[in-house]
Structures are given as structure tokens and as C-alpha cells.
Amino acid sequence: MTIRCFAICCLSLGALSFPIDAATICVPFDQPTIGDGLLTAVWGDTVLVACGTYYEHGLQIGSGVCLTSQDGQPGAVIIDGQDLGRVLACTDADSTTHIAGITVQHGRTSGHGAGLFLERASPTIENCEFIENVSDDDGGGLYAHWSSSPVLSNVVFRRNSARRNGGGLCFDNGYSITLSDVAVEGNFTTGTSGFGGGMCLEGGMRPRVTRASFLANSAEFG
């Protein structure tokens, strides 16, 4: 089963390069859950997830790990946090880290980043959707800070919310942000002093943006 999964991964992610001894960890065949797969993975490994909905939260992706759905499309794999906690976090991870073809939904946290939290992390995120994630602080769908430089391509943020800033996504004191073909729709802040219903940039951040759309986002202060 591992050999079959590795072949699929090569077809889906042919543009990526892996070390010769890299492993492909298939969920749920090699590991029963996405969380177990990520705990097992080391730099260069791919966690390849079969189509379906996975009810998990509190996941952590390490540096140099690729997390992807079997066919690379966001509708194929849904990680549903069931409003029980943050869905996914990535800390101290370099640009070889990759998240692709995943929908992250129904995360909830009293802190930053209910869908995805980045700290000193610069992953590539592509063909992903962040839906209805709720933060009681900043960045409902995604929050990135402390020297993070994520690259987002073909990513959708829809109906996420934050009590403070950045209902869809919030970037604070990072190095750089690259957004390409990103859609930010129907996100909002719930507090009376929140900024950036769709996106909030703090600490003088200036993103590199190509073909991004912002539609029907709302906040008390813009």
C-alpha cells in the first residue's frame, strides 16, 4: 500500500523534490489519522491523505513535511475541527514545508489562528480552503507572525471570523507574504474595535499580491 501511495504522490506533486530516503505516509493505511501521520513524519516525508472528512484538531506539521490530499484538490480531504480547538499549527518550519489540497474548517480557539497558526514558519500553501474557523483573538482562518513568510497560491478564505483583527487572515511582524489567486470572501470580525474583516496586516507588512479578490468581508474599522 505504501508503494501505491508513493506513486500517486509523485503524480500529484511532481514539481517537488524529495530526498532519496523520503517516506510517503498514507492515511489511513499506514497511520489511522492525519495527526498520527504528522507525528511520524520527518523532514522530506509526505503525509498523503485519502479522500474523506477527518474530524481532527490540534495538528502540528513539522519543517520539510508535505501534507497533501490524494488528488491535490481541496474538496478531496476535509479536516473538520468540530469547533473543539485550532485545527493546524506550523512552527519553526522553513520553505520546504508544503500544505496542498486540503480544506480546513470549523476550527475554534481563544488565541490566534483557528484554522492555521504560523510562527517562524514559511510554508507553501496551495489549493486549500479555510472555511468557518473562529478565533477569539486575531486571524480566524490563518494567523502568521514572528518572521513567517508564507506563500499562498489558489487559496480560499470563506466565512471565517475573529473577535479582534483579520477575520479571514492576519499577518503580524513577518518577513514577507506572497498571495497568488487568493479569494477572501464573507469573512468578518465580531468585536467592536476589530480591523480587517478580510485581511489585517500589522507591523508594516507589505504583501506581494497577484490576482487576489476580496468580497463581502466586514469589520467595525474596515
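Welcome to this short tour, which opens with the 2 aromatic pairs that the structure holds. Rings of Phe, Tyr and Trp (its six-membered ring) pair if their centres lie within 6.5 Å; planes under 30 degrees apart count as stacked, over 60 as edge-to-face and the rest as tilted. Please keep in mind that this is a predicted model, in which local features need pLDDT of at least 70 and side-chain atom pairs count only at pLDDT 80 or more, while totals for chains, interfaces and linings use all residues. Residues are numbered from 1 along each chain as its sequence is written, and side-chain values use heavy atoms, with hydrogens and water left out.

**Aromatic pairs**

- The pair of Phe117 and Tyr143 is stacked, because the ring centres are 6.0 Å apart and the planes are at 15°.
- Phe117 belongs to strand S11 (residues 116-121) and Tyr143 to strand S14 (residues 142-145), so this pair ties together parts that are 26 residues apart in sequence. Strands (E, at least two residues) and helices (H or I, at least four) are DSSP runs, numbered from the N terminus.
- Phe117 counts as buried because its relative accessibility is 12%, and Tyr143 is buried too, with a relative accessible area of 2%. Here buried means under 20% relative accessible area, exposed over 50%, and partly exposed in between (1.4 Å probe, protein chains only).
- Phe130 and Phe157 form a stacked aromatic pair, at 5.0 Å centre to centre and with 10° between the planes.
- Since Phe130 lies in strand S12 (residues 124-131) and Phe157 in strand S15 (residues 151-158), the pair ties together parts that are 27 residues apart in sequence.
- Phe130 is buried at 2% relative accessibility, and Phe157 is buried with a relative accessible area of 0%.

**The parallel sheet**

- An open sheet is formed by 6 strands in the order S4-S7-S11-S14-S17-S20, with parallel pairing. Two strands pair if DSSP finds at least two bridges between them.
- At the edges are strand S4 (59-60) and strand S20 (199-202), each of which pairs on one side only.
- Strand S7 (residues 88-93) pairs with S11 in the parallel sense over 5 bridges, and Thr91 stands opposite Glu119 in S11.
- S14 and S17 run parallel and are joined by 4 bridges; the bridge partner of His145 in S17 is Asp172.
- S17 also pairs with S20 in the parallel sense, over 4 bridges, and Cys170 stands opposite Cys200 in S20.
- Strand S17 (residues 169-172) is covered on both faces: Leu169 and Phe171 are buried on one side, and Cys170 and Asp172 are buried on the other. In a regular strand the side chains alternate between the two faces of the sheet.

**Around Thr103**

- Thr103 is found in strand S9 (residues 103-105) and counts as buried at 4% relative accessibility.
- The side chain of Thr103 reaches the backbone oxygen of Pro74 at 2.8 Å.
- Setting aside neighbours within four places in sequence, Thr103 is in contact (heavy atoms within 4.5 Å) with residues including Pro74, Val77, Ile79, Glu129 and Ile131.

**Confidence**

- The protein chain has a mean pLDDT of 90, and 89% of its residues reach 70 or more. pLDDT is the predictor's confidence in each residue, from 0 to 100.
- Over residues 1-15 the pLDDT is below 50, and this stretch has 21 contacts in the model beyond near neighbours in sequence.
- Where pLDDT is low, the predicted coordinates should not be read in detail.

Key: A polar contact is a pair of N or O atoms within 3.5 Å; within protein, one must be able to donate a hydrogen and the other to accept it, and residues adjacent in sequence count only if both atoms are side-chain atoms.
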